[in-house]
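Let's take a walk through this structure together.

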Amino acid sequence: MERYYQPEIECASREQILSWQNERLVKQVRNVWDHVPYYRKKMEEKGVSPDDIKGVEDLHKLPFLTKDDLREAYPYGLLAKPLGDCVRIQSTSGTTGKRVVAFYTQHDLDLWEDCCARAIMAAGGTNEDVCHVCYGYGLFTGGPGLNGGSHRVGCLTLPMSSGNTERQLQFMVDLGSTILCCTPSYAAYLAESAIEHGVRDKLKLKAGIFGAEAWSEEMRQDIQNKLGIKAYDIYGLTEISGPGVSFECSEQTGMHINEDHFIAEIIDPNTGDVLPDGTKGELVFTSITKEAFPLLRYRTRDICVLTREKCSCGRTHVKMSKPMGRSDDMLIIKGVNVFPSQIETVLMEQGYPANYQIIVDRVNHSDTLEVQVEMTPERFSDNLGKITEMEKELVAALKAMLGIYAKVTLVAPKSITRSEGKAVRVIDKRKI
Amino acid sequence: MTVNQISVFLENRTGQLADITAVLSENQIDLRAISMAETASYGVLRLIVDDPQKASAVLLEKGFIITMTPVEAVLVPDRPGGLSELLAAVSKADIGLEYMYSVIDRESSNAFMILKTGDNAKLAETLEKNGFRTV
Ligand SMILES: [Zn+2]
């Protein structure tokens, strides 16, 4: 039997949803115009005023926001409420110095937790469940979001955070965890560890809510078989709130977007034109209920498809496919956002040639990052210690920039293929 | 005598070493000594050849990264404890030894040590003073 956290919203008629969206969008645009000078300026440049936005059909008139805007406006430039009204900050991982921070009022947190509660109940959660959250807690939205949602559903919540696999398994066995929330790669790792430690049969898990990274249908089958659970996908981004922007239902054919809070559009990433439902393009979100950090037409850079076909679960909200790629070159490595340009900057600063290659792989369910860079005559020395020292400095500089460890491999000159046209800078070997 | 050692950057990829020896033999360069210092992913190959200028030219042409390093070649006295006498003399003179490797001369069957220090002049002087033959 399908369970809903807020059935009157999740299964509302399309007319009702549209009417909420129209009303909330008009109000939100006015609010942003009045309180966010950064966005007001963008609207003025585009010649749009709040009076031009009478409903969802006028949404396309508004200017886009991108991650660059968030960095430029860092930290308070997109805030629509006085700091005194804000109660929480969350942040995206990676990119030191250029972090993206998002602010929340208590009301924002409440709505975010509602979204997560919808996801947990869609995965079959009730107040009888023991919800085991091993997403990271802290600036990362994974832990706090699912934790809040779990409280709302009334689950007994285990705020495990990430790491320490043996302790995770021990708590799962001793306290009878029934719902597991973590990244899919960690779920796969836990499954293997449980089998290895001989505790697989002692687990009471029935469902898992896995997100924050890309995973395939094959991986889903693998996790489901190994843990004997049903595995649900969940999607979100800190800029918009966190996990729970959309979530999977029992049909497992896409994630329902919480349209009472977020309006989704698919655009052509090159022209910015809105594309019809069913067309692959870049996903754009407009927050219509957020108070502190209301982003309008935020470009996620995730490529996916929206479908409004009737879902057997009874929910009426639009479904998005799993992201099929990115419209920029961002890589998500160990949950951290990495841009090749950041690596290039470090190499230039350290005096290395711009010819480099980034190799991303997944070994034992954990992402690895390797940067191959060519040795140059100027840097070469007969002294192996000096070369090792140089390598260590580069590793440290990359760590400082990216926030994660990158293995550095010095390779022979001209051994990195110089292709004509676009250079192949990134080799992603991860089988997702 | 101070000789010019050629150091070559080597990626840990099979075949690179064979490429180098092939290039040298094609150009009739006689390889007198070879030594390798390496980490898990790369290494420095050290070569003593009969014609360092020619060898460096052909290696550069093949795209290898090289550097020339002056090192000292010393005959190891052919008696028990010969090597330790040599090292003791170097240590006593307070000369920092960066690395060394041995080589057997094919014609004379004599054992030589190749020594790399920070101060070649002082090393040569010390060796001479202690009666070691450099070549
Ligand atoms: Zn559904």
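This is a predicted model: local features need pLDDT of at least 70, side-chain atom pairs count only at pLDDT 80 or more; totals for chains, interfaces and linings use all residues.

Start where the chains meet: 21 residues from chain B and 16 residues from chain A take part in the contact, where contact means heavy atoms within 4.5 Å. About 1,400 Å² is buried between chain B and chain A, and carbon and sulfur atoms give 67% of that. Buried area here is the accessible area (1.4 Å probe) that two parts lose on being put together, summed over both.

Residues are numbered from 1 along each chain as its sequence is written, chains are lettered from A and ligands numbered from 1 in the order in which they are written, and side-chain values use heavy atoms, with hydrogens and water left out.

Stay in chain B for a moment. Helix 1 (residues 16-26) of chain B and helix 2 (residues 52-61) of chain B have axes that come within 10 Å and cross at roughly 125 degrees. That angle makes helix 1 of chain B oblique to helix 2 of chain B. For the wording, angles under 35 degrees count as roughly parallel, over 145 as roughly antiparallel, 65 to 115 as roughly perpendicular and the rest as oblique. Axes are lines fitted to C-alpha atoms, for helices over the stretch in contact, and angles run from 0 to 180 degrees between N-to-C directions. Helices (H or I, at least four residues) and strands (E, at least two) are DSSP runs, numbered from the N terminus. Which residues do the meeting in this pair? From helix 1 of chain B come Ile20(B), Val23(B) and Leu24(B), and from helix 2 of chain B come Ala55(B), Val58(B) and Leu59(B). The residues of this contact divide into six nonpolar, no polar and no charged. In that count Ala, Val, Leu, Ile, Met, Phe, Trp, Tyr, Cys and Pro are nonpolar, Asp, Glu, Lys and Arg are charged, and the others, Gly among them, are polar.

Now look for Phe112(B), in strand 6 (residues 111-117) of chain B. Is Phe112(B) buried or exposed? Phe112(B) is buried, with a relative accessible area of 10%; buried means under 20%, exposed over 50%, and partly exposed in between (1.4 Å probe, protein chains only). Leaving aside neighbours within four places in sequence, Phe112(B) is in contact with several residues, including Val74(B), Leu75(B), Val76(B), Tyr101(B) and Val135(B). Pro77(B) is 35 residues from Phe112(B) in sequence, with 8.9 Å between their C-alpha atoms.

Over to chain A. Helix 2 (residues 14-35) of chain A and helix 3 (residues 37-45) of chain A pack at an angle of about 110 degrees, with their axes 6 Å apart. Helix 2 of chain A and helix 3 of chain A are therefore roughly perpendicular to each other. Among the residues that meet there are Val29(A) and Trp33(A) in helix 2 of chain A, and Tyr39(A) and Met43(A) in helix 3 of chain A. By class, that contact has six nonpolar, one polar and two charged residues.

Thr141(A) sits in the loop between strand 3 (130-133) and helix 6 (142-153) of chain A, and at 5% relative accessibility Thr141(A) counts as buried. Glu113(A), in helix 5 (residues 106-122) of chain A, is buried too, with a relative accessible area of 17%. Not counting residues up to four places away in sequence, Glu113(A) touches Gly148(A), Gly149(A) and Arg152(A).

Finish with the backbone. The peptide bond from Tyr74(A) to Pro75(A) is cis, with omega near -5 degrees. Arg297(A) has phi near 50 degrees, a positive value in a residue other than glycine, and at 1% relative accessibility Arg297(A) counts as buried.
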